[in-house]
Amino acid sequence: MRINPLPRRSPTAGFLRRRSALPIWMDLVWRVALVLGLILLILLIHWLGRDGLKDTLDNNISFVDVLYFTTVTIMTVGYGDIVPVSPAARLFEAILVTPIRLFIWLIFLGTAYNLFFRNIFYRWRMARIQADLHNHIVVTGFGTSGSEAVRELLARGVDAREIVVIDPSERALTDAEEMGCNVMTGDSTRDKTLKDVAIHRARSLIVSAGRDDTSILITLTARHLAPRLPISIVVRNEDNELPARQAGATTVINPVSFAGLLLAGSTSGRHIADYMADLAASGGRVKLNERFVLPEEIGKPMSAIATGLGVRIYREDRPIGFWEEGAQKLQTGDMIIEIVGETGEEGPDSAS
């Protein structure tokens, strides 16, 4: 993925946001209903207090008079020199002229909104989203790898509101926003950007910036802001795997190297690559699951677990294979890697 330069500043640039729950037409209907509701409220107040109004024409306050007075009051137009005197003229002012005046006001208010109020609104909304961000997943870079990672997370049942996507390209963020994710235009190598997405409260970070040097710099930035944060990084060059780990990445993935492993494995059997892809995808018949050892499993061999087919143990970050002596007796704190079936229980494919 090629990193695009930062787009020109827009009213939403640099603000954390997510797609509105209301469709555009419903949002428009809500705004129109609010305006009409306010007008009706003022009309009701004027009608109930009509004894305090005076008509210089006939000293009689009718409903049409109240409607007219309400509209000219809302529009803050003048009185006195030229006034409609017939009901037809006043209805014309209330029904036709007032919408035109409102349209003109909306043009001026729209300009003020874009220049001033919109930023206030986005800052307020960003603060609300930030307050809700706890135990979330941050994805920096929404290219091929980043977008596939987000789709896989959603397929595995992760709530889109728990995912924050950062990318310098608004075009890429549009797709992420359509998925329901929180999005932010920005440079993930900067402290402020990562702080704005509450990186210190995240449960994991996925780094896929498209360039190894940029991804490593993002990892360095995130690591000093969140020392215990699990960070998964994608690197394209094998030489950069070690620098990525030294920068603080907990998981380093080289898609080119992994593809080579699949290709090499396929020469030993045509079903090996299919099975490995089946394990990695959420839609496969089997999948890999990582969990801590259960209290009732302590002291038993890994082969005795009932939730799936155990293939590896991590004991104090040391990998232990199912054939090794350490796997014959599970201990407190062991992390078990197991193969489970579609329903989460051991199935026929688990023994493949």
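Predicted model: local features only at pLDDT ≥ 70, side-chain atom pairs only at ≥ 80, totals over all residues.

User: How many helices and strands does the chain have, and what share of its residues counts as buried?

Analyst: The chain has ten helices and eleven strands. Of its 352 residues, 36% count as buried. The accessible surface is about 21700 Å², and carbon and sulfur atoms contribute 60% of that area.

User: How is a pair of aromatic rings described?

Analyst: One gives the distance of the centres and the angle of the planes. In this structure, a search of the whole model finds two aromatic pairs. In one, the ring centres of Trp 47 and Phe 63 are 5.9 Å apart with planes at 70 degrees; because an angle over 60 counts as edge-to-face, the pair is placed in that class.

User: Which parts of the chain does the pair of Trp 47 and Phe 63 tie together?

Analyst: Trp 47 belongs to helix H1 and Phe 63 to helix H2 (residues 63-74), so the pair links parts 16 residues apart in sequence. Phe 322 and Trp 323 also form an edge-to-face pair, at 5.3 Å centre to centre and 90 degrees between the planes.

User: Is Trp 323 buried or exposed?

Analyst: Trp 323 is exposed, since its relative accessible area is 61%.

User: Which residues form the nonpolar patch on the surface?

Analyst: The patch consists of Leu 34, Leu 38, Leu 41 and Ile 45, which together have about 370 Å² of accessible area. Leu 34 is located in helix H1 (residues 24-48) and, at 43% relative accessibility, counts as partly exposed.

Note on methods. Residues numbered from 1 in each chain as written. Heavy atoms only, no water. Patch = residues over 30% accessible without salt bridge, like charges linked within 9 Å, V, L, I, M, F, W, Y side chains within 5 Å. Areas by Shrake-Rupley, 256 points an atom, 1.4 Å probe, with all protein chains shown as cover. Salt bridge = Lys/Arg side-chain N within 4 Å of Asp/Glu carboxyl O. Helix = DSSP H or I, 4+ residues; strand = E, 2+ residues; numbered from the N terminus. Buried < 20%, exposed > 50% of the residue type's maximum accessible area, 1.4 Å probe, protein only. Phe/Tyr/Trp six-rings, centres within 6.5 Å; stacked < 30°, edge-to-face > 60°.
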